[in-house]
Amino acid sequence: MLWSLLKSYTLRTTTRIYEGSVVFKLDISKAYDRIDWDYLKGVMVRMGFNAQWIQWMTMCVETVDYSFLVNNEVVGPIILGRGLRQDDPLSPYLFIICVEGLSSLIRHVETRGDLCGTWVCRGAPPVTHFLFADDCFLFFKATEIQAQAMQTTLATYEVASDQAINLSKC
């Protein structure tokens, strides 16, 4: 699927070093709404956060409930099972921690040799991805093998985090 999308789209510049590279912008559907809380805790544990800190962050996301006023009557509470509140100043940071799981997966695939990034300038190391809150840009060689490696990596991330990557909007 990913390879068929990429066949006609490659990074074109006048410099030979960029030849045959792909820049791929991910679209994560309802990124904040779908965060799995167990996944968030697992990533924080893996990153080495203190247990007390993880407990505080867990309390911040899991103790939220909503009530609505319908025809002057309170309906609720509605208790959430996943997700981050978009207007909460803490949410972007927690989301970045979650996406660190994707970053780790990409680095692992790169270390294995199944994926190599592209150069953004001469003399710099190759870049495989840039993360900006809920935006992610992927860089890799325009080959079917690397496209499949990236697709497998994204599928693994989707299953682990409960995120949904919309390839048709990427």
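Helices (H or I, at least four residues) and strands (E, at least two) are DSSP runs, numbered from the N terminus. The model is predicted; local features need pLDDT of at least 70, side-chain atom pairs count only at pLDDT 80 or more, and totals for chains, interfaces and linings use all residues. Residues are numbered from 1 along each chain as its sequence is written, and side-chain values use heavy atoms, leaving out hydrogens and water.

An open sheet is formed by 3 strands in the order E1-E6-E5, with antiparallel pairing (two strands pair if DSSP finds at least two bridges between them). Strands E1 (21-26) and E5 (129-132) are the edges, each pairing on one side only. From one strand to the next, the twist averages 10°. E1 and E6 (residues 135-141) are joined by 6 bridges. Leu26 stands opposite Cys136 in E6.

Helix H5 (residues 144-161) lies across E1 and E6, at about 150° to E6. Contact here means heavy atoms within 4.5 Å. Axes are lines fitted to C-alpha atoms, for helices over the stretch in contact, and angles run from 0 to 180 degrees between N-to-C directions.

In H5, Gln146, Ala147, Ala149, Met150, Thr153, Leu154, Tyr157 and Ser161 are buried (under 20% relative accessible area, 1.4 Å probe, protein chains only). They cover an arc of only 160° around the axis, which puts them on the same side of H5. The arc is that of the directions from the helix axis to the C-beta atoms. On the other side of H5, Ile145 and Val159 are exposed (over 50%). Just after H5, Asp162 takes a positive phi of about 70°.
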